[in-house]
Amino acid sequence: MDITKNFTQLENFGHSLSAPAYLIQPKTAEEIYEIFQFAKKKGLTVTARGAGRSYNDAALTGGGIVLDMRGMNAITSWDKSTGLITAQSGATLEQLWQQVEPDGWWPPVVSGTMKTTLGGCLSANIHGKNNFKMGTIGEHVVEFTAVLPTGAEVTCSPKKNADLFYSMISGFGMLGIFTSVTMQMKRIYSGLISVDALPIGNLHEHLTALQDGAPNTDYIVGWLDTMNGGASLGRGQIHAAHYLHEGDDPDPAGTMKLENQILPPYIFGVFPKSILYMFMRPFVNNVGWWAVNMAKYVASQRKHTFRQSHAAFHFLLDYVPNWELSVGRGGLIQYQSFLPKETAEDAWREMLNISLKRRMPSYLGVTKRHRPDKFLLTHAVDGFSLAMDFKVTDKNRANLSRMLHEFDRIVLQAGGRFYFAKNSETTAATAQAFYGDETIAKFKKLKKRCDPNGLLESDLYRRIFG
Amino acid sequence: MSDSPKAFDQTQPRPAPATPLNPRRRGVVVGASGGIGAALSRKLAREGFTLALVDRNKNALQSLCDEINKSAGETRALIYEHDVTKYDSVADTAQRVIADLGGLDTFVYIAGVIYFPAMDEFNFAEDHKMVEVNLLGAMAWMSVVAPLFQSAKGGQIVGVSSVAGDRGRIGNPGYNASKAGLTNYLEGLRNRLTRHGVNVLTVKPGMVKTDMLKLPGAPKPMLALEPQQVADLIWDGMKQRKQTIYVAGIWKWVMLVIRHIPSAIFRRLSF
């Protein structure tokens, strides 16, 4: 097998990191196993890549073989009476919701983009704006199949091969390659969702609103003005949303039609969104983005309620295609920390103040409410998360790196955690500190069992597990 | 966490992968143990590169590697014992190197030999060796690296040729031919690869104070630089993604004149 022509420069989602690798698109489980055997013979590492939507190095293995899983993306069965769907692991959330929504169902957990694949979602064990209520995506997986590097094909559920079920989901693709996933969808009674928008004055109010608001709603998410300090540090806006009940929507069949969900490709009906990111570029700097956050804050002052489509509410990241290109050459990284509800406020106050003082503010802050889960490499806590986007430039790399490592110490001290789909600078020592020796020993034991030759190795794995 | 299973038997520690805030570039230096090779390797390591040092001379490689890793305080260099005239082993060595580095951004070929024949001496064995190391070895490596860079639509190839390739001279026709061939090959490569986003830099050093100049029959140093100075100038050229550089820069003008000496005169000169 000559793989020279497969050598491809691959990037992370934020375009802040690239690593060339041999990109191969398998079509069947057998082909995946053949690639494992080839890799073993050649001494190459292997990593699966879905849509490449991780902000870090989870879907990269420089100099190794990257499996492009998008070649295995069929939806193999859909039962609209029970809401059970089975799809190959390369199928995206976009395919999933477009399949089930017209029949009155919705994926119980989705990410902020619909471009992600099921395999990627399970590997990172993604959460949505309803994590406090519905948990992670893994909690809705009825069963999955996977190919291990040993060639074994395993079927796992919470009852069958439970140790693999709870470790491969969250195991960032390092134990085996997902091939097929069966999930339970959630019944909905309208294509619309009711959203309450609430202005927030400071950090304390912000976290209180998330905590108190969560029990009475289906989804809750906050926008935090990361460029504003002082007494109103942490100000922003909370969006709480709930499903419509049966009968609330006079025309559910109409609102659930795909054409009423799909995000329009034009703004004002004429301006193509595909080139919008180019016009954003001049504003993606400290001054421009301060103005954007300020304008957003002023606009958020009115408390109001509105209805919007599920797709529009959930997939904000897809609203402007390629928006991540607007930050320019150095790309974008995200720093997301998960903190217990008792310590979050003090820790984030300190972090936000540091970032403002050093003039390296995050351009976008997003907060969510979380609950713990049973998966081995879980990122969740009974508390909150704050995701901060940072623009990377040749000039700020060293200082930003220093600051984020300080953040790591603050988060660890506050009993917090990190997430494998997001942070790109987490060190092995930090990961060891928040997982604890016992969890890591357990994971490594599973790794030896599933992958005795250590073939599965992403750059993330090299960074965290050496 | 060194007890994690590994894809292959690895005797060297693995370098850390690049991250967005520490975007370590990955480079191969073929002919790393000698004068310019060692100096450029030190320079690139200081600039944050993760390097594969490739050479025949394992002992020299090992001490250079230890020195680089010690002063960096982390694994920044790996070594590979390899003879560039073993053309059949290039493809496997390259694949191994790229896997160990975690990718490849820059390929540097510095391997070269020189013999100084007497004015009336014709020595095919020595000429053959010079062509093998200076030209064929470069072609063997670049035939592997170029298609990878072309496919990845990026990368930088640095070939260290010589001012000696600019004209065939009375003193060393074999060496001139090997370097002229390399210069010409690099130009062709550049014309193929620029459209794919790959930069090909031809470096033409004049005299450099390396072991080459200590060989019997070597000319007296003229405008000679220290290897360290040459390495700094090559790095400047790499950063600016230049096409061809002379080091020192003065050679650009010297060679401009020499290249334009008509044959009627040139064949009567004694240099």
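This is a predicted model: local features need pLDDT of at least 70, side-chain atom pairs count only at pLDDT 80 or more; totals for chains, interfaces and linings use all residues.
Two residues are in contact here if their C-beta atoms, placed from the backbone, lie within 7 Å.

Let's go to the meeting of the two chains. How many residues does each chain put into the contact? Chain B gives 30 residues, and chain A gives 40. Look at the chain B side.

Now chain B by itself. Count the elements: eight helices and seven strands. Its radius of gyration is 19 Å. The globule rule gives 18 Å for 271 residues, which is close, so chain B is as compact as a globular protein of that length. Along the principal axes, the C-alpha trace of chain B spans about 70 × 40 × 35 Å.

Next, one helix pair in chain B. Helix H1 covers residues 35-46, and helix H2 covers residues 58-72. Their axes are 10 Å apart, and the helices pack at an angle of about 20 degrees. Angles under 35 degrees count as roughly parallel. H1(B) and H2(B) are therefore roughly parallel to each other. Their crossing is right-handed. Which residues make this contact? From H1(B) come B:Ala38, B:Ser41, B:Arg42 and B:Ala45. From H2(B) come B:Leu64, B:Ile68 and B:Ala72. By class, the contact of H1(B) with H2(B) has five nonpolar residues, one polar and one charged.

Over to chain A. How is chain A divided? There are three entries to remember. Domain 1 is 4-70 + 455-465. Domain 2 is 71-187. Domain 3 is 192-429.

Take domain 1 and domain 3 of chain A. Their C-alpha centres lie 29 Å apart. Domain 1 of chain A brings 14 residues to the contact, and domain 3 of chain A brings 15. On the domain 1 side, the residues that touch domain 3 of chain A are seven nonpolar, five polar and two charged.

To recap. The contact between the chains takes 30 residues from chain B and 40 from chain A. Inside chain B, H1(B) and H2(B) cross in a right-handed way. Inside chain A, domain 1 touches domain 3. Thanks, everyone.

Conventions: Residues are numbered from 1 along each chain as its sequence is written. Chains are lettered from A and ligands numbered from 1 in the order in which they are written. Domain bounds come from an automatic or database domain assignment. Ala, Val, Leu, Ile, Met, Phe, Trp, Tyr, Cys and Pro count as nonpolar, Asp, Glu, Lys and Arg as charged, and the others, Gly among them, as polar. Axes are lines fitted to C-alpha atoms, for helices over the stretch in contact, and angles run from 0 to 180 degrees between N-to-C directions. Helices (H or I, at least four residues) and strands (E, at least two) are DSSP runs, numbered from the N terminus. Angles under 35 degrees count as roughly parallel, over 145 as roughly antiparallel, 65 to 115 as roughly perpendicular and the rest as oblique. A crossing is left-handed if the near helix is turned anticlockwise from the far one by less than a right angle, and right-handed if clockwise. The radius of gyration is taken over C-alpha atoms; the globule rule is 2.2 Å times the number of residues to the power 0.38.
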